[in-house]
Amino acid sequence: MNRILFASAFLLSALPAASADELPLALPAAATLAPAAPASKPPAVKLLEPHLHIARTNMPGHARIALTFDACMGRADDRILSTLVRERIPATIFVTARWLKRNPQALAVFLQNPDLFELENHGENHIPAVDTPTLVYGIASAGSPQAVRQEVEGGAAAMVAAGIPAPHWFRGSTAKYDLSAIGEIRTMGYRIAGYSVNGDGGSLLGAAITEKRIASAKDGDVVISHINQPIHAAGEGVAKALVDLKAKGVQFVRLDDVEDTGDDKTTE
Ligand SMILES: [Zn+2]
């Protein structure tokens with residue numbers, strides 16, 4: 001237990017605000033068995049964290065923004081979900097198979113509002129889609145092309161089984177990939193969803209800074225934040241930022257609504 005606590009503290013102190021996607025508190029076995037493995041050691045693999053932008057309106061005062069939310073594991077954040085529904089704000093939600101299993105009520109809300117929510121694939125078990133063995137923020141990567149494929153296909157299968165239309169966007173755990181995994185996922189028919197604004201620092205930021213980051217999104221931005229941490233302060237900031245952006249007259253779109261441009265060969 002001490003080792004697990006040590007490793008978790010080490011992990012959280014390593015890069016809390018830099019991570020775009022949420023990091024699990026329960027580490028995979030490989031990480032807990034090797035707490036001495038330094039997170040600062042350069043990975044053997046070149047990891048990419050692709051950007052994504054949507055087509056701009058290029059009209060002053062009429063910014064167009066895509067809000068994307070990851071549902072990695074844990075519960076639904078009703079502060080965010082209820083605001084999206086009440087304010088009729090469209091968004092793209094990336095769900096894992098494991099999150100879907102635990103959140104049938106939130107899923108029902110998504111499915112009852114198809115005009116608002118586009119549901120896409122965040123993988124089966126929230127394992128980084130990197131096809132070489134490495135650690136990403138201390139999390140063991142999928143480690144092989146077969147395991148990357150399983151993560152993607154397992155996520156999609158759970159979605160379809162839950163009554164969700166087949167996904168065609170994928171965003172992996174940690175939002176980091178290697179170039180060969182990007183190529184493999186693209187050949188499976190997916191576009192890969194990067195982002196341009198890290199809204200909540202993996203749900204670990206405070207409410208005020210989260211609100212400020214998201215509310216400052218500009219025309220053409222794709223914002224990443226989380227909808228699965230109902231007791232984190234960040235979610236309060238997300239909910240406030242939604243209202244701020246709406247008051248500014250922002251046009252909210254889902255990834256499928258507009259033309260999207262990603263780097264690192266993620267969309268073309
Ligand atoms: Zn995630």
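A residue is called buried here if 20 or more other C-beta atoms lie within 10 Å of its own, exposed if 12 or fewer do, and partly exposed in between, with C-beta atoms placed from the backbone. Helices (H or I, at least four residues) and strands (E, at least two) are DSSP runs, numbered from the N terminus. The structure is a predicted model, in which local features need pLDDT of at least 70 and side-chain atom pairs count only at pLDDT 80 or more, while totals for chains, interfaces and linings use all residues. Residues are numbered from 1 along each chain as its sequence is written.

The protein chain has nine helices and 12 strands, and buried residues make up 50% of its 268 residues. Two residues are in contact if their C-beta atoms, placed from the backbone, lie within 7 Å. Of the contacts in the protein chain with a separation of 6 or more, 82% are between residues 24 or more positions apart.

Confidence comes next, given as pLDDT, the predictor's confidence in each residue on a scale from 0 to 100. The protein chain averages a pLDDT of 90, and 86% of the residues score at least 70. Over residues 1-17, however, pLDDT stays under 50, and the model has 26 contacts beyond four places in sequence for this stretch. Residues 26-36 also have a pLDDT below 50, with 21 contacts in the model beyond near neighbours in sequence. Where pLDDT is low, the predicted coordinates should not be read in detail.

Together with helix α3, β2 and β3 make a right-handed β-α-β unit, where right-handed describes a crossover in which, with the strands pointing away from the viewer, the path from the first strand over the helix to the second runs clockwise.

Strand β11 (residues 251-253) holds phenylalanine 252. Why does phenylalanine 252 count as buried? It does so because 20 other C-beta atoms lie within 10 Å. Not counting residues up to four places away in sequence, phenylalanine 252 touches Ile65, Leu67, Ile89 and Pro90. Although phenylalanine 252 and leucine 67 are 185 residues apart along the chain, their C-alpha atoms are separated by 7.1 Å.

Just after α9, glycine 249 takes a positive phi of about 85 degrees.

These elements lead to the nonpolar core, a set of buried Ala, Val, Leu, Ile, Met, Phe, Trp, Tyr and Cys residues joined through C-beta atoms within 7 Å. The largest nonpolar core has 73 residues, and those with the most contacts inside it are Ile65, Ile93, Ile185 and Val223. α9 gives the most to this core, with six residues. Leaving aside its neighbours within four places in sequence, isoleucine 65 is in contact with Ala217, Asp221, Val223, Leu245, Val250 and Phe252.

Two loop residues complete the tour. Asparagine 58, in the loop between β1 (52-54) and β2, has a phi near 55 degrees, a positive value in a residue other than glycine. Histidine 126, in the loop between β4 (117-121) and β5 (135-136), has a positive phi near 60 degrees. Asparagine 58 is exposed because 10 other C-beta atoms lie within 10 Å, whereas histidine 126 is buried because 24 do.
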